[in-house]
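Here is a short tour to read with the model open beside you.

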Amino acid sequence: MNRRELIRTWAAAAPLVVAGRAFAAPQTQTRLLVVFLRGAYDAASVVIPVSSDFYYKVRPTIAIARPSPADPMSAIPLTPDWGLHPALRASLYPLWQKGQVAFVPFAGTDDLTRSHFETQDTIELGQPIQGSRNYGSGFMSRLARSLTGAQPIAFTGQVPLTFRGGQPIPNIAMTGLAKPGLDDRQAHLISDMYQGGDLHQSVTEGFKVDDEVYRSLSGEMTAASRGAISAKGFELSARRIGRLMRGRFNLAFVDVGGWDTHVGQGAANGYLAGRLSELGAGLAGFADEIGPADWNDTVVVVISEFGRTFRENGDKGTDHGHGSVYWVLGGRVRGRRVLGDHALVTEASLNQNRDYPVRTDYRALFGGLFRRMYGLDAARLQTIFPAAAPQDLNLV
């Protein structure tokens, strides 16, 4: 064991001192993977309020149809009030049927800026939004320091904000986001086929407009994603993540980009459905790769910085919102439930007549989960999430 490993082992095993008292650090036995969907995914298209007439009224083109055995593109029934996007039928739904997935709607932060960057920072830091922020202290770093035997890793190009502070941790970059559709060479070949013909100008202009639209939208989406891998990249990399966490690491973070769907979001088919299919396949592949025994000691939490507007916009997409839906997966998760404080979705129940409210604070949710997973007491939880009371949702 080299000097750095000795220091890291000593730091992980050292007792936490709070207000002059020493606490023995709990042992890390359960693996935790936090999956951050950067760009704010449309939660109402994934966990669908199928009992809400208002949902179908204000989403004329992007709503997912109510459950119907005759329609494979309809929502998959979860409870009388909630359904699941059909793109997750082959991946996530089998885990739901096993009781290994729970959803928490109306979850998020009290940060109402609707800024990708500010709200992402808010969540990764895990600090109160009032007062100044310490950008050198992320909540997963504070969690790692509170546990004995924590082996953290970030599956990101650089160490994310949530792991800032404490001992250095390894990070591994995953694959990036590629431009979809035709590349420039293919576009030129097709354009040349119409050279001299009546359609040449229209074809050339079509490719030009398409490229301008792509560059404009992908520029915003890439910025919101902050260098995160694409959903396809996560699908291809998830088994690798599973192997690494099965063999050594037990506290991990990965971010997945491409969720800022202002335009052409789609419904049961389309852009969002494609990304969900890839994300679901990645999560199912991760669970399969880590193996049944280790899956029983693994918890995956899928979060996003905020949700999106409940009404669709004029471009058949959704804009920046507030409350989201968090996913919790794992072999010991008490799943097949939709949890937290929620009610029938109506116009009156919206936040600012715009989007989902936040009824379950993310710090309270994580705090209650960490208490169950690791046996953390109130004093230690306060070091991870200052000024936040844990909420026990009986997740594990």
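In what follows, Ala, Val, Leu, Ile, Met, Phe, Trp, Tyr, Cys and Pro count as nonpolar, Asp, Glu, Lys and Arg as charged, and the others, Gly among them, as polar. This is a predicted model, in which local features need pLDDT of at least 70 and side-chain atom pairs count only at pLDDT 80 or more, while totals for chains, interfaces and linings use all residues. Residues are numbered from 1 along each chain as its sequence is written, and side-chain values use heavy atoms, with hydrogens and water left out.

**The cavity**

- The structure has one cavity of 30 Å³ or more; a cavity is a set of points on a 1 Å grid over the protein atoms alone where a 1.4 Å probe fits but cannot get out.
- The largest cavity holds about 40 Å³ of space, where a volume is the space filled by probe spheres set on the points, and grid points are joined across faces, edges and corners.
- D42, A43, A44, G307, R308, F310, G323 and Y356 line the largest cavity; lining residues have an atom within 4 Å of a point.
- Sorted by class, that lining has four nonpolar, two polar and two charged residues.

**Aromatic rings**

- There are 18 aromatic pairs in the structure. Rings of Phe, Tyr and Trp (its six-membered ring) pair if their centres lie within 6.5 Å, and planes under 30 degrees apart count as stacked, over 60 as edge-to-face and the rest as tilted.
- Helices (H or I, at least four residues) and strands (E, at least two) are DSSP runs, numbered from the N terminus.
- F54 is buried because its relative accessible area is 11%, and F310 is buried because its relative accessibility is 1%. Buried means under 20% relative accessible area, exposed over 50%, and partly exposed in between (1.4 Å probe, protein chains only).
- W96 and F103 also form a stacked pair, 5.8 Å centre to centre with 25 degrees between the planes, and both residues are buried.
- Ring pairs join F54, Y55, Y56, W82, F106, F310 and Y356 into a cluster.

**Charges over rings**

- R275 lies over the face of Y271, 4.7 Å from the ring centre. A charge sits over a ring if NZ of Lys or CZ of Arg is within 6 Å of the ring centre and within 35 degrees of the ring normal.
- R359 lies over the face of F106, 5.7 Å from the ring centre; F106 is one of the residues in the ring cluster.

**Strands and their pairing**

- Strands of a sheet pair through backbone hydrogen bonds, either parallel or antiparallel.
- Three strands form an open sheet in the order β4-β6-β5, with antiparallel pairing; two strands pair if DSSP finds at least two bridges between them.
- Its edge strands are β4 (47-48) and β5 (76-77), and each pairs on one side only.
- Two bridges join β4 to β6 (residues 83-84) in the antiparallel sense, and G83 in β6 is the bridge partner of I48.
- Elsewhere, β8 (residues 152-155) runs parallel to β9 (residues 251-256), joined by four bridges; A252 in β9 is the bridge partner of I153.
- Strand β8 is covered on both faces: P152 and A154 on one side and I153 and F155 on the other are all buried.

- Q352 has a positive phi of about 55 degrees although it is not a glycine. Q352 sits in the loop between β12 (337-338) and β13 (360-361) and is exposed because its relative accessible area is 53%.
- N353 lies in the loop between β12 and β13, and its phi is also positive, near 55 degrees, in a residue other than glycine. N353 counts as partly exposed because its relative accessible area is 42%.
- V46, in the loop between β3 (31-37) and β4, is buried, with a relative accessible area of 0%.
- E235 is part of helix α8 (residues 231-247) and is partly exposed because its relative accessibility is 26%. The C-alpha atoms of E235 and F286, 51 residues apart along the chain, are separated by 8.8 Å.

Technical notes
1 Å grid on protein atoms, 1.4 Å probe; cavity = no way out; pocket = protein on both sides within 12 Å on 5 of 7 lines; lining within 4 Å.
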